[in-house]
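Reader: I would like to go through the assignments in this model one at a time. Please set each value against its definition.

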Amino acid sequence: MNMFSCVLRPFKFLIIAFTCALLLLSSTIPAFAIESYKSDPTEATTQLLETQRQTDEVAKSPPPTLEEVQRKSNEGLNEVQGAADIDKMKSPENSQSATSVEDEVKSFLEKVTGNK
């Protein structure tokens, strides 16, 4: 029995090391999987100030009529957002050349394993 436990000791170490590596990789791969848009910290300030100005105007005025709400909604995406950032939104028309998360993960794994 003692010899059997000496033979299994390296395998136990390898299994533990493999499990730790798997846990480490599984927690870091999602961070690398998607390349996100890096925005300028001051970029949103102007948009927020405009949204706040419109909010203040609506709060001071009587409730809008149905026609006003429909007119405002037809100007863009919805009544509140209007056409703000419509060019930044993802749609099938502007996402044809986008790389899927699955493809990015496969590419990352190919780079890590060297199987390109």
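Author: The side chains of Glu57 and Arg53 meet in a salt bridge, with 2.2 Å from N to O. This is a predicted model, where local features need pLDDT of at least 70, side-chain atom pairs count only at pLDDT 80 or more, and totals for chains, interfaces and linings use all residues. Residues are numbered from 1 along each chain as its sequence is written, and side-chain values use heavy atoms, with hydrogens and water left out.

Reader: What makes the contact of Glu57 and Arg53 a salt bridge?

Author: A salt bridge is a side-chain nitrogen of Lys or Arg within 4 Å of a carboxyl oxygen of Asp or Glu. The N to O value for Glu57 and Arg53 is 2.2 Å, so the pair meets the definition. Both residues lie in helix H2, four residues apart, about one turn of the helix. Helices (H or I, at least four residues) are DSSP runs, numbered from the N terminus.

Reader: Which residue forms a salt bridge with Glu50?

Author: Arg53 does, and the closest N and O atoms are 2.4 Å apart. Glu50 and Arg53 are three residues apart in helix H2 (residues 43-60), which means about one helical turn separates them.

Reader: Why is Glu57 called partly exposed?

Author: Buried means under 20% relative accessible area, exposed over 50%, and partly exposed in between (1.4 Å probe, protein chains only). Glu57 has 45%, so it is partly exposed. Glu50 at 34% is also partly exposed, and so is Arg53 at 39%.

Reader: How do you know that the span of H4 agrees with its number of residues?

Author: The expected span is 1.5 Å times one less than the number of residues. For the 13 residues of H4 that gives 18 Å, and the end C-alpha atoms are 18 Å apart, so the two agree. Just after H4, Gly114 takes a positive phi of about 80°.

Reader: What is the mean pLDDT of the chain?

Author: The mean is 76, and 72% of the residues reach 70 or more; pLDDT is the predictor's confidence in each residue, from 0 to 100.

Conventions. Helix = DSSP H or I, 4+ residues; strand = E, 2+ residues; numbered from the N terminus.
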